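Student: I would like to go through this model with you, one question at a time. Could we start once the structure is in view?

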Amino acid sequence: MITVAQKKKRFKKIAKSRIVFNVFNYTALVVLSLFFVVPYVYVLSASFSDEITFIKNGFSLLPVQWSLGAYKFLLTTDSQMLLSIFNSLVLAIGGTVVTTLVSMLYAYPLSRKYLRGKKFFSVFMIFTMLFSGGLIPYFLVVSSMFDDSLLAIIVPGAMAPYYAILMRNFFLSVPDSLEEACKIDGGNNFLILFRIYFPLSMPVIATVALFAMVSNWNNYIGPLLFITTKSKYPLQYLIQQLLDDVNGIYPVGGNRIIPSQTLKYAAVVFGSLPMIILYPFLQKYYINGMMLGSVKE
């Protein structure tokens, strides 16, 4: 039989170990956060620095001499930056809508017990996650269908197996009685999907949409392979070109002075800031969707 003194001793031991763990945990989180945040602060500082001062002094947590010259150059020199932002928005919004819709249309039948050949379609979907035809066949097939078009990036990414699996697991957690009640009232499968499952699945749909949006926004391999016209460059591909050769995007001419160093960091801020701003608004859906779509009770 455990005495009161033994219980107090055990409680103190547990409390002490919990304090040690919390101290270690918070210290590790702070250190890791600094590793992630400090480089971005340096990039942000460089983008607001004067070009000559930055070349002379290098990186600093705060600009030695503040200047909006890099942002002014990007937004007023010509329409290239604005066109790239527009193209990235088309990719992010269009690709997200298409990927989310197609993945949902594939996931819903796989979550139904009465679907014939469900095992085959599941294995077929997982097979595409493990094996591919290779980069060169992929390039030949896609480029033959979509020549110098943003559709070459949106259409091949319409079906994402991981997103479909995530949605299928969430759909399995929805009670079958809701589907049965809708069928009794004369509803078909499309009505069941969009009137019942879609509203109930907003957490996992927001999660998939966030994944797809970030993936499409940050995509530069697709444009590297399929986009050749400068006016169709998405923002991430434009940044990659700026990092390689600023003069290739903004040729030197006349009396124009190109802030070649700070220009790169300003472009990086343009490329990363929208997702940083958007994420806090979708964070709660992201966490709920990952938890609810990953486990089936």
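Student: Which residues form one aromatic cluster?

Tutor: This is a predicted model, in which local features need pLDDT of at least 70 and side-chain atom pairs count only at pLDDT 80 or more, while totals for chains, interfaces and linings use all residues. Residues are numbered from 1 along each chain as its sequence is written, and side-chain values use heavy atoms, with hydrogens and water left out. Rings of Phe, Tyr and Trp (its six-membered ring) pair if their centres lie within 6.5 Å, and planes under 30 degrees apart count as stacked, over 60 as edge-to-face and the rest as tilted. The residues that form one aromatic cluster are Tyr42, Phe54, Phe59 and Tyr265.

Student: How many aromatic pairs does the structure hold, and why is the pair of Phe54 and Phe59 edge-to-face?

Tutor: The structure holds 19 aromatic pairs. The ring centres of Phe54 and Phe59 are 5.2 Å apart, and this pair is edge-to-face because the planes stand at 85 degrees.

Student: Is Phe54 buried or exposed?

Tutor: Relative accessible area decides this, with buried meaning under 20%, exposed over 50% and partly exposed in between (1.4 Å probe, protein chains only). Phe59, the ring partner of Phe54, is partly exposed with a relative accessible area of 44%. Phe54 has a relative accessibility of 8%, and therefore counts as buried.

Student: With which residues is Thr262 in contact, leaving aside its neighbours within four places in sequence?

Tutor: Helices (H or I, at least four residues) and strands (E, at least two) are DSSP runs numbered from the N terminus, and Thr262 has its place in helix 15 (residues 260–292). Thr262 counts as buried because its relative accessibility is 1%. With contact meaning heavy atoms within 4.5 Å, the residues asked for are Ala46, Ser47, Ser49, Asp50, Glu51, Phe54 and Ala70.

Student: How many salt bridges does a search of the whole structure find?

Tutor: A salt bridge is a side-chain nitrogen of Lys or Arg within 4 Å of a carboxyl oxygen of Asp or Glu. One of them joins the side chains of Arg112 and Asp176, at 3.7 Å from N to O. A search of the whole structure finds a total of 3.

Student: How many residues apart are Lys113 and Asp176, and where do they lie?

Tutor: Lys113 forms a salt bridge with Asp176, and the closest N and O atoms are 3.9 Å apart. Lys113 lies in the loop between helix 4 and helix 5 whereas Asp176 lies in helix 9, so the pair ties together parts whose separation in sequence is 63 residues.

Student: Which parts does the pair of Lys232 and Asp148 tie together, and how many residues apart are they?

Tutor: The side chains of Lys232 and Asp148 meet in a salt bridge at 4.0 Å, N to O. Lys232 lies in the loop between helix 12 (221–226) and helix 13 (235–244) and Asp148 in the loop between helix 6 (135–145) and helix 7 (151–154), so the parts tied together are separated in sequence by 84 residues.

Student: Which residues do salt bridges that share partners join into one network?

Tutor: Asp176 forms a salt bridge with Arg112, and Lys113 also forms one with Asp176. The residues joined into one network are Arg112, Lys113 and Asp176.
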